[in-house]
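User: Hi! I'm new to reading protein structures and would like to go through one step by step. Could you help me?

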Amino acid sequence: MAVAASTKTGFDTQAMIVMGICAVGFLWALISAAAGADAAIRIHAWVIGAGFLAGMFGMAGVYSGGGIETDKTQYAENVIKYGVIASMFWGVVGLLVGVVIAFQLAFPELLSFPAIPELNFGRLRPLHTSAVIFAFGGNVLIATSFYVVQRTSRTRLAGGVWPWFVFWGYQFFIVVAATGYLLGITQGKEYAEPEWYADLWLTIVWVAYLFVFMATLMRRKEPHIYVANWFFLAFIVTIAMLHVVNNLAVPVSIIGARSYGAFAGVQDALTQWWYGHNAVGFFLTAGFLAIMYYFIPKRAERPVFSYRLSIIHFWALIFIYIWAGPHHLHYTALPEWAQTLGMTFSIMLWMPSWGGMINGLMTLSGAWDKLRTDPVIRMLVVSVAFYGMSTFEGPVMSVRAVNSLSHYTDWTIGHVHSGALGWVGFISFGAIYCLVPWLWKRAGMYSKALIEWHFWIATLGIILYITSMWVSGIMQGLMWRAYDSLGFLEFSFIQTVEAMKPYYIIRGLGGVLYLAGAVLMAWNVYKTIKGDVREKDASVKPQSAAIASPAE
């Protein structure tokens, strides 16, 4: 049997394009650092310039050694390994910042730093949301999508240097966005804070990501496109559309940090929440449903419960979700018919969401006993349960009468974090626990006991977090609308703040527990990568890097 020898690609056209992009970026950063229109861009340009310079040196270093190693008989796994490590790093960083800002709200007099504005709540809060959503969640999605599309297509990842461009380009975007927040550079848009030049860079990276994913699908050896790839593709395409439209802006100066958005007033609000809700719908839902549809059947060694239901789930979710954004704008200047449209489609979302939840849970039919013996399966299944709970609570909160109580309160914070910590966090952790032994060819994780501890500590943290925010939020809403016998407000705003303090402390403690679980996981991943496997896990079967003849 002849085995193709691994080859190294030379300094080809693709590499020259990447070098050209980096060179143009470095030149812009150099000009901005020297003659930027404002102090913020002059400081930020040094960070950006260093990133582009590192990119050029990195490319030169790779190709001076003969280029990127390519073996068409092997899956491309190195870039996925880097993605797993980056996911763990950003996950711990993002959760740590979240714990800091939670305690800043509980003890503002203790954790306020007037002399260091970069460490105060207003700048750390967007750093936290971007780190956990886009840095941690985004890296998990890129890594898992690169893994799944190869295995289900029976072909090597397409693009040569481009998968690496996607990975490192995305890390660069995260660093540019995060340092921008600390410097006070922001558009002030929820989940879309980075300014125009960071948005432009992310667009380039995201187009490359779409190219790599689509090219891999097009060269597949398996005629059928597995449903997980449909969800990944919907996530990539829709996020591209949302990002471009919501971030249309005109820079004040081509070498300045500030810009003016293309929309204003209620049009801007509607565009922002069309983006904001669908960032949740496609980044934090569709992409992670793709993970569910691959990793739960793979770990349970059972087929998807109903493939027909998965297709119905996909098309119903994709069609309905895009219309639900206006429910964020109840009782605003947005026309009432648009508010009602958003509310109606949000309620309709309940059914396809629960269809997906049922499909994920019922995949364990015939394998329920694994919940007792395999903590990774337990984590994956509990994540789907949190998905079901969040996708019930969301439609309820979108109803105008309920929203009148919940809006602007901590109930919304509790709802978001039940989805973020329970659904996104646990499905991500479960996927990484699967990937690490598969990628590094280990018999299992270093310690199964540490996975058990992670599961129970993190679950307790989620419960403390969301229950405290439910109580705090509903109490907040009721106090705001309480009137005395003369028709005056019964409670001042500061009284509501004082009443919320105990729940803020509980929320912070819940965050500490969740962070502790992630730290345990990071240690477990590190020891596994080193090869220190303490306990053999019979449920884990290391997967070959060779391209299989049957589809997986």
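This is a predicted model: local features need pLDDT of at least 70, side-chain atom pairs count only at pLDDT 80 or more; totals for chains, interfaces and linings use all residues.

User: Which element gives the most residues to the lining of the largest cavity?

Analyst: The largest cavity has a volume of about 40 Å³, and its lining is made of H44, V176, A177, G180, I185, P194, E195, Y197 and A198. Two elements give two or more residues to this lining: α5 (162–182) and α6 (196–218). With 3 residues, the element that gives the most is α5.

User: How many residues of that lining are nonpolar, polar and charged?

Analyst: The lining includes V176, A177 and I185, along with E195. Sorting the residues of the lining by type gives 6 nonpolar, 2 polar and 1 charged.

User: Is K189 buried or exposed?

Analyst: K189 sits in the loop between α5 and α6. Buried means under 20% relative accessible area. Because K189 has 10% relative accessibility, it counts as buried.

User: Which residues is K189 in contact with, leaving aside its neighbours within four places in sequence?

Analyst: Contact here means heavy atoms within 4.5 Å. Once the neighbours within four places in sequence are set aside, the partners of K189 are N246, D268 and Q272.

User: How many of the 20 residues of α7 are buried?

Analyst: Helix α7 covers residues 227–246 and reaches 28 Å from its first C-alpha to its last, close to the 28 Å expected at 1.5 Å a residue. The helix is largely enclosed by the rest of the structure, because the number of its 20 residues that are buried is 14.

User: What does helix α16 reach from its first C-alpha to its last?

Analyst: At the start of α16, a side-chain oxygen of S447 comes to within 3.4 Å of the backbone nitrogen of A449. The helix has 33 residues, 448–480, and the span expected at 1.5 Å a residue is 48 Å. Close to that expected value, α16 reaches 48 Å.

User: How far apart in space are I463 and Y514, C-alpha to C-alpha?

Analyst: I463 is found in helix α16. At 42% relative accessibility, I463 counts as partly exposed. In sequence, I463 and Y514 are 51 residues apart, while in space their C-alpha to C-alpha distance is 10 Å.

Note on methods. Residues are numbered from 1 along each chain as its sequence is written. Side-chain values use heavy atoms; hydrogens and water are left out. On a 1 Å grid over the protein atoms alone, a cavity is a set of points where a 1.4 Å probe fits but cannot get out, and a pocket is an open set with protein on both sides within 12 Å along at least five of seven lines; lining residues have an atom within 4 Å of a point. Grid points are joined across faces, edges and corners, and a volume is the space filled by probe spheres set on the points. Helices (H or I, at least four residues) and strands (E, at least two) are DSSP runs, numbered from the N terminus. Ala, Val, Leu, Ile, Met, Phe, Trp, Tyr, Cys and Pro count as nonpolar, Asp, Glu, Lys and Arg as charged, and the others, Gly among them, as polar. Buried means under 20% relative accessible area, exposed over 50%, partly exposed in between (1.4 Å probe, protein chains only). The expected span of a helix is 1.5 Å times one less than its number of residues. A polar contact is a pair of N or O atoms within 3.5 Å; within protein, one must be able to donate a hydrogen and the other to accept it, and residues adjacent in sequence count only if both atoms are side-chain atoms.
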